[in-house]
Amino acid sequence: MKLYAPSTIQQIRERHNFQLSKSLGQNFITDKSVIERIVEGADIGADDLVIEIGPGIGVLTAEAAKACARVVAIEIDKKLIPILSETLQEYDNIRVINQDILKTDLNEIIDAERDAGSFAGGVKIIGNLPYYITTPIIMGILEKGVAADSITIMMQKEVADRIKAKPGGKIYGAISVAVQYYCTVTQVASVPKEVFIPRPKVDSAVLKLCIREKRPVELIDERIFFSCIKAGFGQRRKTLLNSLTGVNGLSRDDIKPVLGQADIDPVRRAETLSIEEFAAIANEVTIYSRR
Ligand code: SAM
């Protein structure tokens, strides 16, 4: 059965009286090559565990199951669960969990699967994400320290562009710095909106986020690093002297010497700062605050 074929999707919808939910971001892939690009891009090994976010009717799930030892797919929509039992019935290495990914403890799942001996390799996260929660999903995985090697996911092109942006432009922001702090970022595919049912308003892209074993900068206090990023981009048109005032309770008069110590011109703006420069500022804020 060609699960990705529009006619199959239509038959499944009719047989199960299933209505696609816009609010759950249900835009299903109808192009085999896009499915293959995601699975190939994720670099899945035969011994790996694949965690899929939002399997829908199982197009990516089935393709991943052929390439790895075990797939755990997390789907919030309970109406899709009987559909997935049907579409994935020929695979014995797939577990579907009817749960909200934002409330799912992925490390617990990974530990349980490893303890059960269902995989012996790495952990790859994949998905065609529900676009309304792209950022919380990615940041949740990274901030909670999920024990995965990589996250290969489809998202709106605009969000992908922001995540991979380099300093110096309008699209470089807090999400660029945060994700690049945790991961190396590469684009695996550009995907036009025509390949989805229903067709979204915008194009998409697949990014591969390889989680770094070692962070690119040394921080005294990671929390202050993220406070600086939030403050700097929260008022991105202001100079750093102004936007950073208030960080960790520091006044404008405190921020001046902090920026001096970090060797950063106070009239610069957050969008010009590299991760290393944010780290230098954050470490000086920490040192100054501890005096
Ligand atoms: N993987 C399928 C495909 O590519 O055709 C479906 C992708 S569709 C863009 C997003 C999927 O995520 C839907 O199946 C939707 O029900 C599911 N979803 C939405 N919010 C979710 C959440 N909070 N937790 C888990 N799954 C969610």
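This is a predicted model: local features need pLDDT of at least 70, side-chain atom pairs count only at pLDDT 80 or more; totals for chains, interfaces and linings use all residues.
In which loop is the place of Pro198? Pro198 is found in the loop between strand S8 (196-197) and strand S9 (204-211). Most residues other than glycine have a negative phi, and most peptide bonds are trans. A further backbone feature is found at Asn248, a residue other than glycine whose phi is positive, near 50°. Asn248 belongs to the loop between helix H10 (240-243) and helix H11 (252-261).

Rolling a probe the size of a water molecule over the atoms shows where empty space is left. The count comes to one cavity of 30 Å³ or more. The space in the largest cavity is about 360 Å³. Its lining is made up of 29 residues, and those nearest the centre of the cavity are Gly54, Gly56, Glu75, Asn128 and Pro130. Strand S1, strand S2 (49-53), helix H3 and strand S3 are the elements that give two or more residues to this lining. By class, the lining of the largest cavity consists of 18 nonpolar, eight polar and three charged residues.

What takes up the space of the largest cavity? The ligand does. Around the ligand stand 24 residues, of which Gln26, Gly54, Glu75, Asp100 and Ile101 are the closest. The shell around the ligand holds 13 nonpolar, seven polar and four charged residues.

A polar backbone atom of Gly54 is 2.9 Å from a nitrogen atom of the ligand. A polar backbone atom of Ile76 is 3.3 Å from a ligand nitrogen atom. At Tyr132 a polar side-chain atom takes part, lying 2.9 Å from a nitrogen atom of the ligand. On its own the ligand has 600 Å² of accessible area, and the protein covers 99% of that area. Strand S1 (28-29) and strand S3 (70-75) are the elements that give two or more residues to the shell around the ligand.

The largest pocket has a volume of about 350 Å³. It is lined by 15 residues, and Lys22, Gly25, Asn27, Pro200 and Lys201 are the closest to its centre. The lining of the largest pocket divides into six nonpolar, six polar and three charged residues.

The second largest pocket holds about 280 Å³ of space. There are 15 residues in the lining of the second largest pocket, with Met1, Leu3, Ala62, Lys66 and Tyr91 nearest its centre. At least two residues of this lining come from each of helix H2 (32-41), helix H3 (59-67) and helix H4 (80-87). Which element gives the most to the lining of the second largest pocket? Helix H3 does, with four residues. By class, seven residues of the lining of the second largest pocket are nonpolar, two are polar and six are charged.

Note on methods. Residues are numbered from 1 along each chain as its sequence is written. Side-chain values use heavy atoms; hydrogens and water are left out. A residue is near a molecule or strand if one of its heavy atoms lies within 4 Å of it. A polar contact is a pair of N or O atoms within 3.5 Å; within protein, one must be able to donate a hydrogen and the other to accept it, and residues adjacent in sequence count only if both atoms are side-chain atoms. Accessible areas come from the Shrake-Rupley method with a 1.4 Å probe; for residues, only the protein chains shown count as cover. On a 1 Å grid over the protein atoms alone, a cavity is a set of points where a 1.4 Å probe fits but cannot get out, and a pocket is an open set with protein on both sides within 12 Å along at least five of seven lines; lining residues have an atom within 4 Å of a point. A molecule sits in a cavity or pocket if more than half of its atoms lie within 2 Å of its grid points. Ala, Val, Leu, Ile, Met, Phe, Trp, Tyr, Cys and Pro count as nonpolar, Asp, Glu, Lys and Arg as charged, and the others, Gly among them, as polar. Grid points are joined across faces, edges and corners, and a volume is the space filled by probe spheres set on the points.
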